[in-house]
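Me: Please take a close look at the aromatic rings in this model. Which rings pair up, and what surrounds them?

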Amino acid sequence: MGEFKVHRVRFFNYVPSGIRCVAYNNQSNRLAVSRTDGTVEIYNLSANYFQEKFFPGHESRATEALCWAKGQRLFSAGLNGEIIEYDLQALDIKYSMDAFGGPIWSMAASPSGSQLLVGCEDGSVKLFQINPDKIQFERNFDRQKSRILSLSWHPSGTHIAAGSIDYISVFDIKSGSAVHKMLVDRQYMGVSKRKCIIWGVAFLSDGTVISVDSAGKVQFWDSATGTLVKTHLVANADVQSIAVSDQEDSFVVGTAEGTVFHFQLVSVTSNSSEKQWVRTKPFQHHTHDVRTVAHSPTALISGGTDTHLVIRPLMEKVEVKNYDAALRKITFPHRRLISCSKKRQLLLFQFSHHLDLWRLGSTVATGGKTSGKFLVPGKHGDTLPLSKDADHLLQLKTKGPENIICSCVSPCGSWIAYSTASRFFLRRLNYEHDNLSLHRVSKMPACLRSAVQIMFSEDSTKLFVASNQGSLHILRLLEGSFKHLHTFQAQSGTVESMCLLAVSPDGNWLAASGTSAGVHVYSVKRLKIFEYSIPDKQYTEWSRAIQKQGFHHHWLQRDTPITHIGFHPKRPAHILLHDAYMFCIIDKSLPLPNDKTLLYNPLPPTNESDVIRRRTAHAFKISKKYKPLLFMDLLDEGTLVAVERPLDDIIAQLPPPIKKKKFGT
Amino acid sequence: MEAAAARVVRCGGSELSLRRAVFSADSRYLLCVSGDFVKVYSTATEECVHVLQGHRDLVTGIQLNPNNHLQLYSCSFDGTIKLWDYLDGILIKTFTVGHKLHALFTHARAEDSVFVTINKEKPDVFQLVSVPLPRTPRQDAEAGEPRLVLDCISPSPKCVAFGGQGDYVAAVRDFYLSVYFFRKKATSRFTLSSSENRKHAKNNFTCVACHPKEDCIATGHKDGKIRLWRGFDDERKYTYTCLHWHHDLVMDLAFSATGSSLLSGGRESVLVEWRDAAEKTKEFLPRLGATIEHIAVAPAGDLLCTSHADNKIIVIGRNLEACAVIQGLVRDSSVLTGLMVDPRTKALVLNGKPGHLQFYSLQSDKQLYNLDIVQQEYINDCGLVQIELTKAAFGCFGAWLATVEQRQEKEGELELQMKLWAYNKKTQGFLLNTKVSAPHEDRVTALCFRSADKSDVPTLVTASRDGRFKVWVLADDSDIYRKAEGWTCDFVGSYHKYQATNCCFSEDGSLLAVSFEETVTIWESDTWELRCTFCQRAGRVRHLCFGRLTCSKYLLGATESGTLCCWNLLSCALEWSTKLGVSVMEPDPRSEHVAAVARSSGGSDLFVFKPSEPRPLYVQRSICSEEVRWGVFVPRDVPEALASEALQWLNRSQFYFLTASQSLLTFSSKSPEEKLTPTSKQLLAEESLPATPFYFLLGRHRQQRGEQADGAADGERVQLPTTEGVPAVSELLHTPAHVLPSAAFLCSLFINSLLLATEAPSAEETPEDAEMEEEGERDSSEEEDAAPEQAQQAGLPDGGDGGDEAEALQQQLSKCAEKELRKLRRVDYSWVAVP
């Protein structure tokens, strides 16, 4: 059943942008991640680390700080000097507010969550009151000589520590004056460096201030006396980030060498209450700077220039070896960046500021007519020679500083739709032999401002647009123009955005899923709404039998979310799905595997008899050949297209990491 | 003959680095195991102060008695634990355990018991047990029933460590760390991943050390990592830190006395000090010469020492500067040069460090010096083919040394080099004179100098497998720049293209015998003419030597197939031959005797014979259980007169031999145990008094008193004490007024101190003073009054000679003198102790 010709595409040279900040929210178990291009992503750690929300980036918004405040409110601040609050329901920016202190380097919400503190370029620390609808400036603290790079609240909310260049200040919140100024040694391995930048501070409830600096030191200070207690030299380069656990019994620091060090508070002897901080385990999951770290109750989270978000569970905190006990590395966004036109064999790649349209190559080899850059078929695993190379047809650049949110190419290949945060674009493509011309479709309706998700119907006559206001628009596409058919308004009272769309092949049914995991099914003909709500939003249409029997334990141990599901048009029993590491075809007609059978069977043994093959066959056919797999879809009955993005290629495009002497080289 | 059989004794050269060395509490002495003995070295002078003899098998562990730091426990394979007074070199007690003991541990918390490693049932299952030691006045006692502490541990004492002042014991083996808590009586076990993949395959534990103050265990690993474990009292919450510098396995770890730094060492021969157990703050002491096997730290914290694989102990100061080196006999893996005697120093010469020749003094059991022959940096890397020093010979009464080194890759060409070294009187060492590359086309099988008079030209003969022997003579090598002499080839001889297997000069240097496989050829050394040949058709000739003195007309040859032949050079005929598989044949340079060691089923047998008689003078069967590789006669400085007829051959020289397992053995006709005189013991005891303020107060005064007493007794001079020199006066002046006793009390003392001591204290007052003395001294040192008897008893079993009584008498006398001295001290300054 699973014999396909596969286009193996590797020319999608997508480079995710580096991670700048992460902020962990304990109550909702969510993680906010901001990238250097201003994108903010929200991961749900309880739901399989799925990236559930996404705020598009903006060229001028370089985020430097990110924090959660009371009531699941997310704030960010950046070098443009603005504090931004995000609307997590509408997936939009609620407001932005200038702090009038120059670029903002640091931000911290008070332990109660009602106050917000920002540290600015001009050396001022500003306190804001968080009101239900907006934030309000309250006061300035004593101005310091140079920029405030890090801030930390004492858990009681009475004092703060602020890291600047060459010194750390401790402020009293009431008076707003600096209580202590703790000078940091500039010396680095006996050599005096120009400056010692305090990249991060953490204020513990016992009055200890922990600082990390550009000389590679982790230092412990007594804030009551303003004296240095202990120094750990952990790196030859900068230590750039620190995060403390809620219990204050462990913390984690990230260095520019890509190493993450874990510190723990352990008792000196078993029968004394004296405790000391000990550096325990180093983790080297990054190749570049670790710009930010977070400490969830069960895991250490780190991100940096090398674009990986690494979630490393703490084994001693994890009760049993299960789903949560695996190390996760999230590199690629979980949303769709690639769309394909089946008819014309086109692939549309979405980058942050442009779109690329490619035509797949072809082959005339005996194995089949398909191709890509590399090819499979004929015999299993063969590579077919290409008769025609893949073609780069078009590059479409957006104007303005905003990033592209979503894009789509129609199945017929003659329409391209994409959207930024403020505008929606529709383009018509005309093919004249090998030439390609592009026409702009103007006069977009006023209601169509920005889209979260775009989808064409199978026959390319209708365009479905999910806007960020919670409404769904249906457009009829004509030759060179369009007509606005209908708008499904959001449920009364909610403004939640639809982030997933699916269309039935006959174009009659439209399914949409929002941020609150409900699934809405719309009948396009009768313009009516049916609603279903199922607990697992990943598996929309799956039989009760498998729920009853349960999944294979290996299947449940997978730790990456499934990012795409498709159906075979000719064989309705087949479901195709993939995540970043495997591609799976589920045959509903075959028996489900139980725990005794082998889930992953890479090559069906051809030499064995049919009886054995039938006995060992089960519903799940898994291929791990392509990884990391960004996109996989059926082009036609026997042809698949798989888009891979090897991690090494991404690393090669990043700036070179800090050179470390490796022993034996 | 049986009655007078010579004992085979180990003669030093045993491994000093078998176990960690132990410092005395004041770090003035270093104690280390050495074969069946324990040696006490002075850390300041590097000299061996005492040899604690008494164990009958290899000593496997030593530890200071935690309750009395002047005593030492030792354990051995002979199943006993012995308690020593190491300052006086006296055995105090022997406890019999009954099992083979592999390691010994003590700690202060367990007062009456020690911990040993034994294996009970299976050969490789080792247990750590605690052995209670009974408190009996008797000298020999049965130790109590061992109680199991930890099962399945490694036999190496490096893999067990006590920590937390004796609260727990940590043991490592393979991939796990077990910690036994004495209070909870529970064991926690921590396992590292041991999968076969490359990353974790070398996770094996190699050693363990415990922090002296904190709950922290340091473990060394095969991949060079050091892990610091903390929080191990909870099996879930434990955590560890990694320190990684070593690229090869960590051989040993030790915490400093205060625990502020961790010391580690390994094959890199670099001592690493990790300050504050942090990765970035480390200090190095590089170029220590050989693999660091053990690291020991003085309890006082001022010194540490590293034991090395080349039988060396380096004492290192706290600032990581080597301050003393104790070098034993270096054991190379293969002694290719054999044993030689340096005619000048009478030192034993053999292969030492790779590419070196070591000069080892048999008398003092230490290395005199090392001669670097190869003069190339030694790279410690397995799989590398090194240059080997294969042959060496002394000639012309020690004026010349010839060495041959070779290096052969598996399929490469043989690299061969001969070097000739001249003795330089000014520098008292050998200087390279001539270097001959490729002296032969194949391996050199033998090398010998002509033992000629001083007037003759020094001559050297080399025999090689390329079928030739070459004669090298010293010739004038002067040019316009300098006057020099060098060695040149004078003659090349061969015999039917047979391989030359050995060569030998007659005693007067007139004849040269060269064996070519089965044939022995005799050459005239003046003209290099072939005089005659002997062929016995009994296999290749391996050993060849001329007889000496009265037997100089005989030539002896031993073949590989096991025949010993003796030819008469006058009649050119075979005198006698016998079947004997000779592995070593050595002539005594001072007599006619020839010693031959033959391999037999029960071990190796020794035969001593004169070439003139086919009947051996002396036979000793199974001198050792393994093969004897090399042997040599070392001339005695003073000829001994041994009564026994059979041992006449030991009169003028001593025979030393080296076995396959690198133990250097010799024959002894008596127990060599009367080296240390009681007076020196006494001196040592005084010297060992700690340098406290009281010592300065009392010790100095006692010395002065002693001198005065001596002077008075001799009656040679009478000296009036000057006022400022009298300690009583100065101490009166220097003591704060508020601690001084009443003036009435001091008055008599003051007057007394001004009086002259006229004679030694009279006899009648001694008894009660002695009584007082007994009571006063009991608490300070318990073993002291037991010491004299024990010294006697220790002396008795072996010897039975007359020397012992004299020794005991002398000892008592000195004891007496010491008591008098102490009494003097007490009379003067008892008031100091009053407040």
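Reply:
**Aromatic rings and their surroundings**

Over all chains, the structure, which is a predicted model, holds 50 aromatic pairs. One of these is formed by B:Phe162 and B:Phe182, whose ring centres lie 6.2 Å apart with the planes at 10°, so the pair is stacked; the cut-off for stacking is an angle under 30 degrees. The pair links distant parts of the chain, its two residues being 20 residues apart. B:Phe162 belongs to strand 15 (residues 160-163) of chain B, while B:Phe182 is in the loop between strand 17 (176-181) and strand 18 (186-191). B:Phe162 has a relative accessibility of 16% and therefore counts as buried, the limit being under 20%.

Chain B also has an aromatic cluster made up of B:Phe469, B:Phe491, B:Tyr495, B:Tyr498, B:Phe516, B:Trp523 and B:Trp528. B:His496 is in the loop between strand 42 (485-494) and strand 43 (500-505) of chain B. Its phi is near 50°, a positive value in a residue other than glycine. B:His496 counts as exposed because its relative accessibility is 60%, and the threshold is over 50%.

In chain A, two rings have a charge over them. A:Lys181 lies over the face of A:Tyr167, 4.4 Å from the ring centre. A:Arg344 places its charged end over the ring of A:Tyr431, at 3.8 Å from the centre.

Definitions and conventions:
Residues numbered from 1 in each chain as written. Chains lettered and ligands numbered in written order. Predicted model: local features only at pLDDT ≥ 70, side-chain atom pairs only at ≥ 80, totals over all residues. Heavy atoms only, no water. Helix = DSSP H or I, 4+ residues; strand = E, 2+ residues; numbered from the N terminus. Buried < 20%, exposed > 50% of the residue type's maximum accessible area, 1.4 Å probe, protein only. Phe/Tyr/Trp six-rings, centres within 6.5 Å; stacked < 30°, edge-to-face > 60°. Lys NZ or Arg CZ within 6 Å of the ring centre and 35° of its normal.
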